[in-house]
Amino acid sequence: MVSSGAMSASGNLMDFLDEPFPDVGTYEDFHTIDWLREKSRDTDRHRKITSKSKESIWEFIKSLLDAWSGWVVMLLIGLLAGTLAGVIDLAVDWMTDLKEGVCLSAFWYSHEQCCWTSNETTFEDRDKCPLWQKWSELLLSQSEGASAYILNYLMYILWALLFAFLAVSLVRVFAPYACGSGIPEIKTILSGFIIRGYLGKWTLLIKTVTLVLVVSSGLSLGKEGPLVHVACCCGNFFSSLFSKYSKNEGKRREVLSAAAAAGVSVAFGAPIGGVLFSLEEVSYYFPLKTLWRSFFAALVAAFTLRSINPFGNSRLVLFYVEYHTPWYMAELFPFILLGVFGGLWGTLFTRCNIAWCRRRKTTRLGKYPVLEVIVVTAITAIIAYPNPYTRQSTSELISELFNDCGALESSQLCDYINDPNMTRPVDDIPDRPAGVGVYTAMWQLALALIFKIVITIFTFGMKIPSGLFIPSMAVGAMAGRMVGIGVEQLAYHHHDWIIFRNWCRPGADCVTPGLYAMVGAAACLGGVTRMTVSLVVIMFELTGGLEYIVPLMAAAVTSKWVADAFGKEGIYEAHIHLNGYPFLDVKDEFTHRTLATDVMRPRRGEPPLSVLTQDSMTVEDVETLIKETDYNGFPVVVSRDSERLIGFAQRRELILAIKNARQRQEGIVSNSIMYFTEEPPELPANSPHPLKLRRILNLSPFTVTDHTPMETVVDIFRKLGLRQCLVTRSG
């Protein structure tokens, strides 16, 4: 029998969980968020704000501020990402030139800026001015000769080693998460995984500083991938200032998707390409509202970068090109060949790099990250210096390879034999026979290509910030430029061949080698990352070559087909699997013909399922269950005999609820009964106070029957972003 006094006492018990307590609804590190719960929490929050807004003017203003907070966050992300990208570009420019010399009038000027400010610079010798001195001129007062060359060589290596050592030390001591590209982790975080600290303030600061150092050191890596990570750190910082985003992990990921778009926007000067990159490559959940906000964030970021004008050419684009000849149908064949090369390079790079990274993880090599960076930097600097195409920064190299040969170009790649009788407008120079400089450039490019292919495999994945876009584009641009020069010379010497006869007459400007470099760059980048639509848009925004969309599309699609023939994984997906992150790729096909009953736990022969009953377990029973198992949650059933499902309770919230109840509610002891029902169970008169935990119970967990095909279950997990799914039979 139950005494009426005990009944009234338990009936009047304060359900302390009617008031929210700290940390409920949050997630532990390296756990996955519950997208459905986050969505419903946001809907509830929005409903409350809407109903309150009718009560007073102040509440109405608060509702307006809440509605505008998303756009304010986007504005702030765009401003900060654009500013950081501009500062990084300017600093990289100066520190890259510092390896070769110094400006006497102001040591913080890069070579180009130094010569701009000089009154003694002539157009012919625009790279030489008295104010800029190489290290040999400054220390030995010599600019030519063996001793000058050796000193410049040594200074180049020493600066490279210093920059790389500083970078790896800062990453190791202050922000271990600042290493790598960041895109595999961003993809995983956007899919709903929690990695605390990955987008923190220290990571933002250290990644920005070390990115300048590693790019300046001359290592075979780019700053574009890490800039996406930097922009997402900005997004995480600003979203933490607004409770709408800081308290809802699902909403926070909408902000991070837009921040990724802003990152690509400033990395390449490609706002539309950035939005498409976020949609195609990194985002998991991308509603229409996020599309507009991404567009706005990318626009603000691009505008900010344009205001800083880091390239000094009043353009956003890194490699602006202006070709004067159209492309011809016959050229599609070499473009498709470049696509095949890009696909093969992508496959080779992914497999070799993953094999090397796996070796780094499983052997003693991984214990010496600083030594590894120093050795790779030393090898890179020693081999790179003698070849002018590997000595210059990779961005400058790509820019030179993309360039069309005008009358004012001084590059070796433009050393053609001119016809003295030529009287044509400056920007429509006909095809000419290659001179000595072009042949020298060809074998130097071939050596540079082999070097880049090999060294990039060992560089990507070290404990420093390292992007992959620029090295991949450099490999493709070098291969493309060589193919372009080959086709150009073939057309010049054999213009009577049937394939050239219709469109390449003597004295005409038929083939543009720079266009082949551009197509090759797109093909190699597509082969490595498996991007298609966003890649083509980024490439034409990057170069301004809107007329050449078809060649770019042909190369991008071919490279994806070829690379996919050897394996569906791009480099980022491969790194996600290597690191063991939980990521359900939308592009993956599930081919197994199994049912939910074949996959669910526990299976036949295993211990029975760990469950909670709705009103018969004590606090001690639940604490023991939590201690003995490592499950993230437990189904709540009517009783052990009738395992009919009532709901689902998360492990973390059970622990927090019991801890808070012990602190705030009198009479809660180890043998207190826990109940998940509306009314307390009937208890003997002398029993301790029961503990009501209805508030933390999820009354509508997602369930499937035991005969649901696994293909459907996987699809449900992908599309709804489920954390867990319960398999039932007859309820």
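Visitor: Which helices do the buried residues of helix 22 pack against?

Guide: They pack against helix 11 (249-268), helix 12 (271-282), helix 17 (394-402), helix 19 (469-493), helix 21 (513-529) and helix 23 (549-566). The model is predicted: local features need pLDDT of at least 70, side-chain atom pairs count only at pLDDT 80 or more, and totals for chains, interfaces and linings use all residues. Residues are numbered from 1 along each chain as its sequence is written, and side-chain values use heavy atoms, with hydrogens and water left out.

Visitor: What makes helix 22 mostly covered?

Guide: Ten of the eleven residues of helix 22 (residues 533-543) are buried. Buried means under 20% relative accessible area, exposed means over 50%, and partly exposed is in between (1.4 Å probe, protein chains only). The buried residues are Ser534, Leu535, Val536, Val537, Ile538, Met539, Phe540, Glu541, Leu542 and Thr543. Just after helix 22 comes Gly544, with a positive phi of about 80°.

Visitor: How many helices and strands does the protein chain have?

Guide: There are 28 helices and eleven strands. Both are DSSP runs numbered from the N terminus: helices are H or I with at least four residues, strands are E with at least two. Of the 731 residues of the chain, 53% count as buried. The C-alpha trace spans about 115 × 60 × 60 Å along its principal axes.

Visitor: Why is the pair Cys103 and Cys114 called a disulfide?

Guide: A disulfide is a pair of cysteine sulfur atoms within 2.5 Å. The sulfur atoms of Cys103 and Cys114 are 2.1 Å apart, so the pair meets the definition. By this rule the count comes to one disulfide.

Visitor: What makes the disulfide of Cys103 and Cys114 right-handed?

Guide: The torsion about its S-S bond is about 75°, so the disulfide is right-handed. The pair links distant parts of the chain: Cys103 is in strand 1 (residues 101-103) and Cys114 in helix 4 (residues 111-117), eleven residues apart. Cys103 and Cys114 are both buried.

Visitor: How do you know that Cys233 is in no disulfide?

Guide: The nearest cysteine sulfur, that of Cys234, is 7.0 Å away, and the limit given above rules that pair out. Cys233 has a relative accessible area of 2%, so it counts as buried.

Visitor: Why is Ser610 called buried?

Guide: Its relative accessible area is 15%, so Ser610 is buried. Ser610 is found in the loop between helix 25 (596-599) and strand 3 (612-613).

Visitor: What is Ser610 in contact with, leaving aside neighbours within four places in sequence?

Guide: Ser610 is in contact with Leu625, Thr629, Tyr631, Phe634 and Pro635. Contact means heavy atoms within 4.5 Å. Across the protein chain, 74% of contacts between residues at least 6 apart in sequence join residues at least 24 apart.

Visitor: Is Asn309 buried or partly exposed?

Guide: Asn309 has a relative accessible area of 23%, so it is partly exposed. Asn309 lies in the loop between helix 13 (288-308) and helix 14 (332-362). Its phi is positive, about 55°, although Asn309 is not a glycine.

Visitor: What makes Arg530 count as buried?

Guide: Arg530 has 7% relative accessibility, so it counts as buried. Arg530 lies in the loop between helix 21 and helix 22. Phi of Arg530 is near 65°, a positive value in a residue other than glycine.
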